[in-house]
Amino acid sequence: MPNTFLTDDIITLEALSIFENSLAAAKHVDRSKDALFGKSEGGSNRGATIRVRKPNQYTVRTGATYSAQDITDESIALTIDTQIGVDTFVTSKDMTLSLSDFSSQVIKPQVALLANKVDTDVLAAMAQTFNSVGTPGTVPSTLATYLSAGVKLDQYACPRDGQRAMLVGPQMQADIVDGLKGLFNAQGKIGSQFNSGEMGEAAGFNWQMDQNLYVHTVGPLGGTPLVNGAGQTGASLVTDGFTAAAALRLKKNDVFTIAGVYSVNPVSKVSTGVLQQFRVTADVSSDAAGNLTAAIEPSIVTSGATQTVSGSPADNAAITVVGAANALAAQGIAAHKSAVALAFAELPKPQGVDLASTKTDKQLGVSMRFVRWYDGDNDRFKCRFDILYGIKVLRPEWIARVQSGAA
């Protein structure tokens, strides 16, 4: 018999459940900020942006002399600014379906698209980190590359608290499971990997396969890039030696190192002996003389509580970009859960329509709206699902890209 209880709230709750179960990367980010958006207890609108405070940083005094340090509150803006949805229509006949049929034929394929879009956006945001391991264009086949990603996180004092995730593509997962099949390990763990074809929990990470990995194309590069001028600090780097008058040399998210510029321990500020990696934050071209100025992350800070490097680069210090020119590389991700925030907000429920429902699962931190109205000319019901969300990288140093092949 037809399901006569196919109401707006039931449809929305069913869609929420399917949406949450379809998420992959989004399950490994900070979802605690949802309650900060929407309406306050007094009914006023809190707005679309909140400021997320970063931990204060200090230096250690040597000796008995008092030396006060300023308390500088740093914060990052998390903005709910992305609305996505899927639109369709159902006939009067379709509306006589049971909830199970309606869910499988109408809700599931639509909501799965929304979940894939959110996952794609999360992974693209996670790729905005300067930490990188592996070789662009080559799928890692040993655990060493993934362990190196863990080392990157360790170097920035990332907690080892069971909340580290390793997000890999289908080929990455297949290659690493195959590569580990002969290694000594707990028999139950090997059996689980063999039977499921998935890594599960291993090497300090909770592994998750996601087919939506961001794929980066290394810039065209060209020439012999060098630092142009000693003593540079800040969020840009002046260089020369690139191929002259090129439309594009470095692409956003390219990673490079500078000879003699090392990362520092975030607490002691002592050099790690490892070259600091920098991320290019915007596409950049060279001028007629082969010069270019690249916007970079992290900023070059040589002293104080926010120090990032052992010292400023020397004039003519060599610049080495990770990967060959134009190499395609899927970006696997190693990340701590608190490195990226994902927040959803409730959309208003419209009036004057056939059905309208906005539901928020407080436990899962997801909000979704379903609206349906009647098209009398064609005897069909127009339907739309919408979600509103925002993503922000809070701790890029607690993320590491694992370079892989093109797929």
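Student: Which residue meets Arg-31 in a salt bridge?

Tutor: In this predicted model, the N to O distance of the pair is 3.3 Å. Arg-31 lies in the loop between helix 1 (8–22) and strand 1 (49–53), and its partner, 11 residues apart from it, lies in helix 1. The partner is Glu-20.

Student: Is Glu-20 buried or exposed?

Tutor: The cut-off for buried is under 20% relative accessible area. Glu-20 has 11% relative accessibility, and Arg-31 has a relative accessible area of 16%. Because its value falls under that cut-off, Glu-20 counts as buried.

Student: How far apart are the closest N and O atoms in the salt bridge of Asp-386 with Arg-384?

Tutor: Asp-386 is buried at 3% relative accessibility, whereas Arg-384 is partly exposed at 28%. Asp-386 also meets Arg-369 in a salt bridge, at 3.7 Å from N to O. Arg-369 lies in strand 18 and Asp-386 in strand 19, so that pair ties together parts 17 residues apart in sequence. For Asp-386 and Arg-384, the closest N and O atoms are separated by 2.7 Å.

Student: Which residue of strand 12 is the bridge partner of Phe-256?

Tutor: Six strands form an open antiparallel sheet in the order 9-10-13-12-11-14. Within this order, strand 11 (residues 255–264) and strand 12 (residues 271–280) are joined by five bridges and run antiparallel. The bridge partner of Phe-256 in strand 12 is Phe-278.

Key: Residues are numbered from 1 along each chain as its sequence is written. This is a predicted model: local features need pLDDT of at least 70, side-chain atom pairs count only at pLDDT 80 or more; totals for chains, interfaces and linings use all residues. Side-chain values use heavy atoms; hydrogens and water are left out. Two strands pair if DSSP finds at least two bridges between them. Helices (H or I, at least four residues) and strands (E, at least two) are DSSP runs, numbered from the N terminus. A salt bridge is a side-chain nitrogen of Lys or Arg within 4 Å of a carboxyl oxygen of Asp or Glu. Buried means under 20% relative accessible area, exposed over 50%, partly exposed in between (1.4 Å probe, protein chains only).
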